[in-house]
Structure formats: C-alpha cells, structure tokens
Amino acid sequence: MNCWIGTDEAGKGDYFGGIVIAGVLVDEKSLPALRELGVRDSKKLSDNQIKRISKGIYDACLCSVVEIGIEKYNDLYSKMKNLNHLLAWGHARAIENLLSQQECPLAIADKFGDVSYIENALMKKGKQIKLLQKVRGEEDIAVAAASILAKNKFIENIEKLSAKYNMELPRGASLVEDAARAFIQKYGFQGLGMAAKLHFKTTNALPKEPLTTPDTPVPQSAAQPSDNPQSKIQIPQSPVPTSKSSIPNPQSKIQNLQPQPIQQGLEKLWAPWRSEYIKTTAHKSNSCIFCDNKLYIIIQGDKAFAVLNTFPYNAGHIMVTPVRHVANIEELSPAELSEVFTMVQKCVSKIKDKLKPDGFNIGINVGKVGGAGVEGHLHIHIVPRWNGDTNFMPIVANTKVVSQSLEETYNLLKE
Ligand SMILES: [Zn+2]
C-alpha cells in the first residue's frame, strides 16, 4: 500500500478536558520521515517527545485534527448517550477531511467499538475507501502518528483549560476527585461542565454545592468560544429545563448536569464542521483552499470566482473570492473589486431565486482576530438565512445531511 490514513483519539479516558481525534495520511514520501522522527505509540512517549515529534509530523504529512471541547462534549454526550457515536463522528470527519485533499484507498483506526460506527458516519468520499479498525492500532505507523497529534493537542487543551480556570487540572481519571472538589469550590457545581466529563462516575461522588459560597464568579470568558468566533453562532436561548435533582435517580441527575448558559439570553450553537475546517487548513501553511482546492465552483470569472462552502453554516453558503491570492481588501484593484461585488450580487440573486431564503448574512472576516478561517485569501461569505433555520442546523453531528444538501445546492445553483 503506498498511501493510507491512520486515525486515533485522545482524552476519552481523561476526566478533565474534551476529546481530540486526529488523522494522518502517510505515503511513500512521508513514510521515511515518520520513521526518522521515531513515531511510535504515544503512550510510550514523554510529553516533550510528543510535542517535538508532532511538529515533525505536521511538516511531513497531511494532517487533520478534530477537537471536541469539554462543554460541547458534555452537550453532545447528553444527547447521544453513546461515546462510540461521538468518536466515530470524529474519526469520520478526520478521514473525510484528508480525503478532500488527497485520494487514498485505505484508512486504519484504532479499535474503540464496532467498525460500523465509523462506516455509518463516513460521507461520500469515505464510503469509497477500505476501512480497518485494529486492536492495538498504534502498531501501524499512521495510527501512531495520529495518536501523537491527538495526544499533543489534548495536552495543549488541558494546559489552556488549567490556565483559564487558574488551577492545575490533572490528566487521567483516577486521581481527579480532589481537583474536581476544588473546582466546585471555586466555580460551583454548575461550572464543572466547563472542565470535566460529567458522565464519569467521579461526578456522582462530588458535592452538588460548594461547601461555602463560590469564592470566584465563573469567568465570563468561559461562555466565549475558545478559538474562533466564526465557529459559533448565537441563537436565542431555549428555556432552561427545570432541575429535577430532587429525584433520587442518579441517571436523571447526570442528565441535568449540563452546563447552563452563562450569558443571559444567549446560547452558543456549535458548528463543528466549521471549527474543524479552520484548524485543519491552518496546519497546511503553504497551501490555500481557494488557490488549490476548487471543488464546488459556482461561477468562474477572470478576476473572481464563487465557490460553495463545503463546511457551511447553512445550505447555500457561498464564498466569493478574488482569483488573486490577496489577504486585504485594500489590495484589490478597482477591476477586481468590481468583479467580486458583481459576483456577490449575482449569487444573492441566484440564491433568492432558487433557495428562497428570508434573509442573508453577507460579510468579510479579515485576519485571525476578525474570525477569518483562511487568513491569506480574502473572501466574502454569503449565508442565506431562513426563519428558524438554526433549529435545522445539524449541531448533533448529522454530517450526512449537510453533505447531501451541499450537492443538491450545488446542482441547483450551478445551472
Ligand atoms: Zn489563495
């Protein structure tokens, strides 16, 4: 086999922090580099080795890292009630994302459940490859490389979480109770969902109230997206279910331990495909999705083109971009400006005609701080909006729906 993908996850056995799933594509070119780096099972490596080897893997291979932060993890777990579905979704996303950049006939995942979990979560491209799930998958060098990337990102995330809450959050699941108690003392039991996996047995043993009033209010930033504001959309808050904690059924208690929205009147809606997209493309510093990857082009002009966003906020999410790789709006020539905006006009009128939205969001994010996912190449987002559309957005990882509507949308708009 001259090309294959390995995937693995980190964090599923850790009480604190979310989970990370990574995929690495290995081919004849990158294989010697991985061997030279000393890639092997991450469990046999120190944190420093993991950090150093990760850098080398990013340089040598096409990589995809899918992060599910702890708050979203708790949210999704409370809905799915099955960690295997959540993991499968992450593995499938990592695989699909690599396949969108390079064809490859085989993927190997470390075994965590029935192989059908991942198969069902795969989309069009992933369905065409051979998928193997292996016990001790880390014996495969691609899986080992993925385990290193996942572990490295997980460690980074735990460190960030520790800094955010100003306390050392331990890894693993056995010696975590003291830290969990200290966390509750500081941020209240409700706050625990911002740091720990609530469905772990450890949670049952914890006091449901701080012993005294929490000494620090929950930081406001805890409700903010940790990475990129673009990956979250604010929607009106749905009514918070009333607590049933008086019912002495441990299961129903756990269901009610979901983190409460901290910002009054607002709740974050997670768009997982967005954040993953942003993080994955960031790893390939020398490639540009607009210059190198022109899958769903709607209109191709001399100086501008319109492309369907493959990780959309909504059906019909289009991006209009200059042909020239330019980061700033002030760098555009008058002719480019004119063609770009004429194309925006065309797209809006075509979407109105074909998809009949109730409104639009049209905008440009400039620079990382501005929320730009692809910083180097200016692009204008056109997002059609429907009354109540947030209810339909597949926040619970129903990626198949997005994929199908993407093709439908493409065919509809392309004509
Ligand atoms: Zn570009």
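Entry 1. The model is predicted. I looked up the contacts of Ala22, leaving out residues up to four places away in sequence. I found that Ala22 touches Thr7, Asp8, Cys63, Ser64, Val65, Ala94, Ala146, Leu149, Ala150 and Lys153.

Entry 2. I then turned to the nonpolar cores. A second, separate core has 18 residues, among them Ile298, Ala304, Cys347 and Ile382. The largest core has 74 residues. Within the largest core, I listed the members that touch the most other members: Ala22, Val24, Ile57, Ala142, Ala145, Leu149 and Ala195. Helix H7 is the element that gives the most to this core, with 13 residues. I also noted that this core draws at least three residues from domain 1 (3-160) and at least three from domain 2 (169-270).

Entry 3. I next looked up the sheet. I recorded an open sheet of 5 strands in the order S3-S2-S1-S4-S5, with mixed pairing. Strand S3 (62-68) and strand S5 (130-134) are the edge strands, each pairing on one side only. From one strand to the next, the twist averages 20 degrees.

Entry 4. I checked one pairing in detail. Strands S1 (residues 3-10) and S4 (residues 106-110) run parallel and are joined by 3 bridges. Ile5 has Ala107 in S4 as its bridge partner.

Entry 5. Helix H4 (residues 83-99) touches S1, strand S2 (19-27), S3 and S4, and its direction makes about 35 degrees with that of S2. Helix H7 (residues 141-164) also packs on the sheet, touching S1, S2, S3 and S4. For H7, I noted an angle of about 145 degrees between its direction and that of S2.

Terms used: Residues numbered from 1 in each chain as written. Predicted model: local features only at pLDDT ≥ 70, side-chain atom pairs only at ≥ 80, totals over all residues. Pairing = 2+ DSSP bridges. Helix = DSSP H or I, 4+ residues; strand = E, 2+ residues; numbered from the N terminus. Axes fitted to C-alpha atoms, helices over the stretch in contact; angles between N-to-C directions. Contact = placed C-beta atoms within 7 Å. Core = buried A, V, L, I, M, F, W, Y, C linked by C-beta atoms within 7 Å. Buried ≥ 20, exposed ≤ 12 C-beta atoms within 10 Å, placed from the backbone. Domains from an automatic or database assignment.
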